[in-house]
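Me: Hi! I'm new to this one, could you walk me through it?
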Amino acid sequence: MNVLVWHVHGSWLTSFVQPPYTFLVPVTPDRGPDGLGRARTWQWPASVREVTPDRLRDADIDLMVLQRPHELELARRWTGRRPGVDVPAVYVEHNSPHGTPDGTRHPLAGRDDITVVHVTHFNQLMWDNGRAPTTVVEHGIIDPGHLWTGAEPRAAVVVNDPVRRGRTTGTDLLPRFAGWAPLDVFGMRTATLPAHLGLPPDRCRCHDLPQGELHPAMARCRLYVHPVRWTSLGLSLLEAMFLGMPVVALATTEVREAVPEGAGIVSNRFDVLEYAVRGFLADPAYARQTGEAARAAAQARYGERRFRDDWERLIKEVTR
């Protein structure tokens, strides 16, 4: 089976391209947003093949996996075939809706020929999906191993573009967290964050690391902090749990479902969050015990095999 899919979210796609299919990933000379091609920082199997737009028109395609609204027209223009009409298609919705609860109509809400695949049940609930068929395939993580050492009494945070994204990712909350524990912030375009927040370098160290170095660096921190207000369920939170890290997170979107009792502290109360951060910092044994529970919970719910099985069932259903 040949599956057309754009390289949009590298972490999610790394898990998605593991099943035994051939994945056609568009590539353009500039490797821009519509033609990134194969990943350079993740390990992808040889079954992921780069295809130029001119070759897509003659390519055999059994399924189109769309992830952005403009890919509907892009797929038609590059392949000469209409998603959901000429070729089976699904649309993976990675994000929680923006706006008010009554203004969240999904771009595919007026169609019934393309299944919208949400990555969390919260997203499925909050989007107005109209007459589009919907389902949920929760995230699947390729297990990085139990790497946590907690050797450094610091809190890890993972966020890309924290200055630009601001309150959405809880960037404004980082000075408060930095008052409870020194932070190591990992992600792209984080270099200006300490100056933006007015934090001294020792309270907010920033790192833009290759994917292969990220997990070991995170795992040296005593705990993981997830200050995100309003995005879909962050893969970094799940990866921290797989690493065996205790987590402290805001009780927003799908987080309460992802972090069960004993696997971390989830709350919207600053006093509870502060007590949790200071507690993990002061007690490595407590941090280790909680991290082990977090890892077990993540393995049980967000394992790669379950993710692959869910997708194989859905692919067979929409292409039969």
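**Helices across the sheet**

Reply: Happy to! Helix α8 (residues 211–219) lies across β8, β9 and β11 (221–226), running at about 110° to β11. Helices (H or I, at least four residues) and strands (E, at least two) are DSSP runs, numbered from the N terminus. Axes are lines fitted to C-alpha atoms, for helices over the stretch in contact (heavy atoms within 4.5 Å), and angles run from 0 to 180 degrees between N-to-C directions.

Me: Thanks! Where do these coordinates come from?

Reply: This is a predicted model, where local features need pLDDT of at least 70, side-chain atom pairs count only at pLDDT 80 or more, and totals for chains, interfaces and linings use all residues. Residues are numbered from 1 along each chain as its sequence is written, and side-chain values use heavy atoms, with hydrogens and water left out.

Me: OK. Which strands does helix α9 lie across?

Reply: Helix α9 (residues 235–242) lies across β8, β11 and β12 (247–249), and its angle to β11 is about 155°.

Me: And what is the strand order in the open sheet of six strands?

Reply: The order is β10-β9-β8-β11-β12-β13, with parallel pairing. Two strands pair if DSSP finds at least two bridges between them. At the edges stand β10 (204–207) and β13 (264–266), each with a single partner strand, so one side of each has no neighbour in the sheet. From one strand to the next, the twist averages 20°.

Me: How many bridges join β8 and β9?

Reply: Four: β8 (residues 152–158) and β9 (residues 183–186) pair in the parallel sense. V158 stands opposite F186 in β9.

Me: Is A156 buried or exposed?

Reply: A156, found in strand β8, is buried, with a relative accessible area of 0%. Buried means under 20% relative accessible area, exposed over 50%, partly exposed in between (1.4 Å probe, protein chains only).

Me: What is A156 in contact with?

Reply: Leaving aside neighbours within four places in sequence, its contacts include D184, F186, M218 and M245. M245 is 89 residues from A156 along the chain, and their C-alpha atoms are separated by 9.6 Å.

Me: Changing topic: which way do the residues of β6 point?

Reply: In β6 (residues 115–118), T115 and V117 point one way, V116 and H118 the other way, and all are buried. In a regular strand the side chains alternate between the two faces of the sheet.

Me: Which residues are the bridge partners of V117?

Reply: V92 pairs with V117, and in β7 the bridge partner of V117 is T135. β6 and β7 (residues 134–136) pair in the parallel sense over three bridges.
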